[in-house]
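Please read these notes with the sequence and the 3D view open side by side. The points are numbered so that each can be checked in turn.

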Amino acid sequence: MCGIVAAVSAGGDVAGDVLAGLRTLEYRGYDSAGIAVLADGGIEVRRKMGKIAVLERELAARALPPSPLALAHTRWATHGAPADRNAHPHTDDAGAVVVVHNGIIENYRELRGLLQAQGHAFRSETDTEVLAHLIGHLLREDGDLHRAVRRALDRVHGAYALVAAAAGRPDLLVAARRDSPLVIGLAEGACYAASDMPALLHRTRDFLVLENGETAVLTPNGAVLYDGAGRPVERPPVRCDWTPEQAEKGGYPHFMLKEIEEQPDVLARTAFDRLRDDEGDVEFEPGFDLDDQALAGFRRLRFMAMGTSFHAALLGKLMLEELAALPGDTLNASEFLYSPRLPEEDALTVVISQSGETADSLRAMREVQARGGRVLGVCNVRGATLEREADHVILTHCGPEVGVASTKAFFGQVTALYLLALRVGRARGVIDRDRGRELLADLRRLRPRLDALFGPATAAPLAAAAELLAPAAGCLFLGRCLNHPIALEGALKLKEISYIHAEGYPAGEMKHGPIALISPEFPVVAIATPGRTHDKMLSNIEEVKARAGRVIAVGLADDRRLAELADVVLPVPEVPELLSPLVNVIPLQRLAYETARRLGREIDQPRNLAKSVTVE
Ligand code: F6R
């Protein structure tokens, strides 16, 4: 994960500020920490393996000189074991450039080879040191740090949020971002960069959020942003107030809309730092604490949760069966208490909860543990009860979800469950390294494809579908296989925030009863993307049309048969079938939002609901 904080100010010493911010980011990684300052024309670095407290002891023993510029980092190891030498910040061998970085440079081996051939000597096993050397090398060519960073990034494949500084320039930081978060904080006579806003709230409420592919030049007078082509970008700062809720809303009319649009970033945050692309495997943080032997020892996995998280649980089971060939079962967490006591020793129970505080889910967790079983918690909130009490943990890292109707948290849960299924498949030997690599590459390729879900071509069909749904008294959501849970989730989203009655069904079930409801006033939302269920979904749509029903379909824009049958097609990009739930859920979330907006509903606080349900 890794956390970054950096500051440049007109004078004084900013190290204390930077360390205060770093402490709030410790949830992002804690195997080592470091800080660098500029002094006497050079770069001074302190970095230690262990938590920030270890670094603080080092700083007490070996104080840094006062400096108007500092960069700090808290690390979660990706390349190179936790060790002092692998801790950030990293410098080039000339000591001219210093870098902190969050993410993975995929082609670092190739770049390191090229640099070694030119005489560079490396002191760590990290991908970040390669970046420092590359930037240093390019800086020597023309002396401009921003240009050197941009030219270095042109040669880099991977995900990064990074901040760089150059010896002799205590008035300048350069920041860049792709797929890992980075915000810039603006203050009187100082400018900051950090992995999230809360890290800087002790200094400023004015932020520029760096977009993918952008770079920024930070000086004590402010920041100038540049797009991928190097053109300056004008963007007004986002004002961040003190409550976390307000801090996250920035410019959007509703949290729900913002959180829907954050989902491409959630993919990167939940997954990308965990992918071991070369090995075709996944590595979770130490809290996961299940090695190959432990994972291969389970005879079944059980997935439990409530509400939207329960729909993620259904997908967890399906993905486990697909990728690990291991039986899974699902149970609504509120039902577990009444289930017969079966042997738990050979089972792992996965409890999924955004808040980590849902009473039914916690009760189920404790009951599993009381019966002798082990619980893996999949949770979004660090420090929540689920995280603290589960035997094993995967954090989803979606950021705070404020909208009562869960969107990005579901996306993060499904992403994490895909990673879990892959990890179990690798541990059991069901997936070999090559297949693992393909599955990880599929996930990385998904990130840019998600942008199409928010493109201009989606606006008109979305408006038409919301017009069709808004007057309806009720509707059916149909899907099959991996998209059955998405049908359930689409129906839940619509009913929660629009108050239109909606039911999700496996499409095969329609003829066994629900078809009686079909009429022009009772529309159907059908998920008909490519894959093993496509033909059958088209048959279901034909059956609806034959009864004068109206159909909103989720499918490919160029699916001619679908376009002929459906009243409206919500277009989605083509992706591997196993990842289609992550794509297909997004137009359904947007459909619920648009429909509720037309009906004038209280979208972020729907009636009778609460974000965290802490009673059984
Ligand atoms: C629906 C929704 C709820 C939650 C459920 C579980 O949009 O938000 O159904 O999913 O209350 O909450 P967590 O995931 O916090 O356990």
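With which side chain does the side chain of glutamine 354 make a polar contact? Point 2 gives the reply.

1. Basis of the notes. The model is predicted, so local features need pLDDT of at least 70, side-chain atom pairs count only at pLDDT 80 or more, and totals for chains, interfaces and linings use all residues. Residues are numbered from 1 along each chain as its sequence is written, and side-chain values use heavy atoms, with hydrogens and water left out.

2. Glutamine 354. The side chain of glutamine 354 makes a polar contact with the side chain of asparagine 380, at 3.0 Å. A polar contact is a pair of N or O atoms within 3.5 Å; within protein, one must be able to donate a hydrogen and the other to accept it, and residues adjacent in sequence count only if both atoms are side-chain atoms. Glutamine 354 sits in the loop between strand S20 (347–353) and helix H12 (359–370). Helices (H or I, at least four residues) and strands (E, at least two) are DSSP runs, numbered from the N terminus. The relative accessible area of glutamine 354 is 11%, so this residue is buried. Buried means under 20% relative accessible area, exposed over 50%, and partly exposed in between, with a 1.4 Å probe and protein chains only.

3. Residues around the ligand. There are 14 residues around the ligand, and Ser309, Ser353, Gln354, Ser355 and Thr358 come nearest. A residue counts as near if one of its heavy atoms lies within 4 Å of the molecule. By class, this shell holds 4 nonpolar, 8 polar and 2 charged residues. Here Ala, Val, Leu, Ile, Met, Phe, Trp, Tyr, Cys and Pro count as nonpolar, Asp, Glu, Lys and Arg as charged, and the others, Gly among them, as polar.

4. Atoms facing the ligand. Serine 353 has a polar side-chain atom 2.6 Å from an oxygen atom of the ligand. For serine 406, a backbone N or O atom lies 2.8 Å from a ligand oxygen atom. Lysine 493 has a side-chain N or O atom 3.0 Å from an oxygen atom of the ligand. On its own the ligand has 400 Å² of accessible area, and the protein covers 90% of that. Accessible areas come from the Shrake-Rupley method with a 1.4 Å probe; for residues, only the protein chains shown count as cover. Helix H10 (307–324) and helix H17 (484–498) are the elements that give two or more residues to the shell. The largest share, 3 residues, comes from H10.

5. Aromatic rings. How many aromatic pairs does a search of the whole structure find? The search finds 1. The ring centres of phenylalanine 284 and phenylalanine 288 are 4.6 Å apart and the planes are at 45 degrees, so the pair is tilted. Rings of Phe, Tyr and Trp (its six-membered ring) pair if their centres lie within 6.5 Å; planes under 30 degrees apart count as stacked, over 60 as edge-to-face and the rest as tilted. Phenylalanine 284 is buried because its relative accessible area is 6%. Phenylalanine 288 is buried, with a value of 4%.

6. Charges over rings. Arginine 371 lies over the face of phenylalanine 336, 4.4 Å from the ring centre. The charged end of arginine 444 is over the ring of phenylalanine 272, at 4.8 Å from its centre. A charge sits over a ring if NZ of Lys or CZ of Arg is within 6 Å of the ring centre and within 35 degrees of the ring normal.

7. Backbone points to check. Most residues other than glycine have a negative phi, and most peptide bonds are trans. Aspartate 40, which is not a glycine, has a positive phi near 50 degrees. Aspartate 40 lies in the loop between strand S2 (32–39) and strand S3 (42–49), and is exposed because its relative accessible area is 85%. Tyrosine 499 also has a positive phi, of about 65 degrees, although it is not a glycine. Tyrosine 499 is in the loop between H17 and strand S24 (501–506), and at 23% relative accessibility it counts as partly exposed. The peptide bond from histidine 88 to proline 89 is cis, with omega near -5 degrees.

8. Serine 124. Is serine 124 buried or exposed? At 6% relative accessibility, serine 124 counts as buried. The side chain of serine 124 makes polar contacts with the side chains of threonine 126, at 2.8 Å, and glutamate 129, at 2.7 Å.
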